[in-house]
Amino acid sequence: MARIFTSGLIAAALLLVFASLGARAGQPPAPQKIVSLNLCSDIYLLMLAAPGTVRSVSFLAQDPSLSPVADKAKTLHANAGEVEELIAMHPDLVLAHEFTSPLKLGLFDKLGIETVKVSDPQSFADIRANLRRIAKALGRVDEGEEAVRRFDAVLAGTHWRESTPRARVIVYRPRGFAAGDGGLTKELLEHVGLANLSGAKDDLGAYMPLEEVLLADPDYIIVSADALQQRSLVRALLDHAAMRHFDKTHEGARIAIPSDMWSCGTPFIAGVVERLAALPRAPLEREARQ
């Protein structure tokens with residue numbers, strides 16, 4: 001009787017093993033020759049890909065001022081998004097952005113090469129969806145879920161509490177544009193308890209002359225750290241005498257965030273969330289600083 005029972009357990013275990021193998025056999029093999037032709041897809045790819053499976057990324061992925069994965073990208077072939085160049089690599093998966101030319105992606109489709117696109121995220125939920133979409137395409141579902149968990153852990157630890165005062169901010173972008181109160185920027189600022197003073201109702205924002213920025217008297221002006229290091233029109237704007245006066249009267253109010261954290265709205269935006277969530281929220285003594 002014991003032998004029959006033991007034999008039954010062994011048979012059941014073998015059935016489970018064969019069922020598992022059968023399920024795996026029904027899945028397509030994970031891609032081994034992956035190329036990406038957009039910075040946004042580059043970032044997700046280099047976050048999630050298995051070692052040795054990436055053949056090429058866009059040249060922007062190697063620019064540390066834009067790319068949070070520049071260290072990983074620097075040893076890879078960099079492409080300029082030319083179809084002929086990428087086809088010559090015989091890829092089995094091409095990653096792109098939803099705004100990538102449909103004509104370009106159609107050429108890969110005609111050759112039977114799978115293409116997968118990341119979306120332009122308008123929310124934290126869109127970032128999670130991008131992670132899961134790319135992880136599935138790479139055959140790295142578990143790694144994708146782990147990345148989602150890490151992202152959500154940062155969000156859980158930085159959520160604004162209503163007992164904490166809101167600070168008033170302007171996210172000041174190159175050429176005098178202020179980020180609007182919409183899309184991913186809106187969710188990010190609301191998540192950490194910051195009120196956007198730009199007045200624009202979408203994420204694209206609107207032109208906001210420096211005079212208007214200063215008259216709004218924000219608690220913080222959030223700018224790109226890279227803009228302060230490059231010779232450009234935006235640096236000239238931020239170096240204006242009026243802005244320097246603002247810096248003197250509003251000590252610590254100019255917050256410089258590395259551009260690579262913002263790029264494409266990827267999980268690396270969690271670093272922006274942590275930085276903004278840590279800003280002091282004590283009511284500022286406006287009369288004392290005027």
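In helix α13 (residues 270–277), Ala270, Val272, Val273 and Leu276 are buried, where buried means under 20% relative accessible area, exposed over 50% and partly exposed in between (1.4 Å probe, protein chains only). Seen down the axis of α13, these buried residues fall within an arc of 155°, so they line one face of the helix; the arc is that of the directions from the helix axis to the C-beta atoms. This is a predicted model, in which local features need pLDDT of at least 70, side-chain atom pairs count only at pLDDT 80 or more, and totals for chains, interfaces and linings use all residues. Residues are numbered from 1 along each chain as its sequence is written, and side-chain values use heavy atoms, with hydrogens and water left out.

**The chain as a whole**

- The secondary structure comes to 14 helices and 11 strands; helices (H or I, at least four residues) and strands (E, at least two) are DSSP runs, numbered from the N terminus.
- Of the 290 residues of the chain, 42% count as buried.
- Among contacts between residues at least 6 apart in sequence, 60% join residues at least 24 apart, with contact meaning heavy atoms within 4.5 Å.

**Helices α8 and α13**

- Two packed helices are described by the angle between their axes and the distance between the axes.
- The axes of α8 (residues 183–191) and α13 come within 9 Å and cross at roughly 40°; axes are lines fitted to C-alpha atoms, for helices over the stretch in contact, and angles run from 0 to 180 degrees between N-to-C directions.
- The helices α8 and α13 are therefore oblique to each other, since angles under 35 degrees count as roughly parallel, over 145 as roughly antiparallel, 65 to 115 as roughly perpendicular and the rest as oblique.
- On the α8 side, Leu188, Leu189 and His191 meet Val272, Val273 and Leu276 of α13.
- This contact of α8 with α13 has 5 nonpolar, 1 polar and no charged residues (Ala, Val, Leu, Ile, Met, Phe, Trp, Tyr, Cys and Pro count as nonpolar, Asp, Glu, Lys and Arg as charged, and the others, Gly among them, as polar).

**Helices α6 and α7**

- The axes of α6 (residues 124–138) and α7 come within 7 Å and cross at roughly 160°, and the two helices are therefore roughly antiparallel.
- Helix α6 passes α7 in a right-handed crossing.
- Residues of α6 in this contact include Phe124, Ile127 and Leu131, and those of α7 include Val141, Val148 and Phe151.
- By class, the residues of the contact of α6 with α7 divide into 9 nonpolar, 1 polar and 5 charged.

- Leu48 is in helix α2 (residues 39–48) and is buried, with a relative accessible area of 3%.
- Not counting residues up to four places away in sequence, Leu48 touches several residues, among them Leu131, Ala135, Gly144 and Ala147.
- The C-alpha atoms of Leu48 and Arg140 are separated by 7.0 Å, and the two residues are 92 residues apart along the chain.
- Glu114 is in strand β5 (residues 114–118) and counts as partly exposed at 44% relative accessibility.
- Glu114 touches Asp92, Leu93 and Val94, not counting residues up to four places away in sequence.
- Thr164 lies in the loop between α7 (141–156) and β6 (167–173) and counts as partly exposed at 28% relative accessibility.

Conventions: Left-handed = near helix turned anticlockwise from the far one by under 90°.
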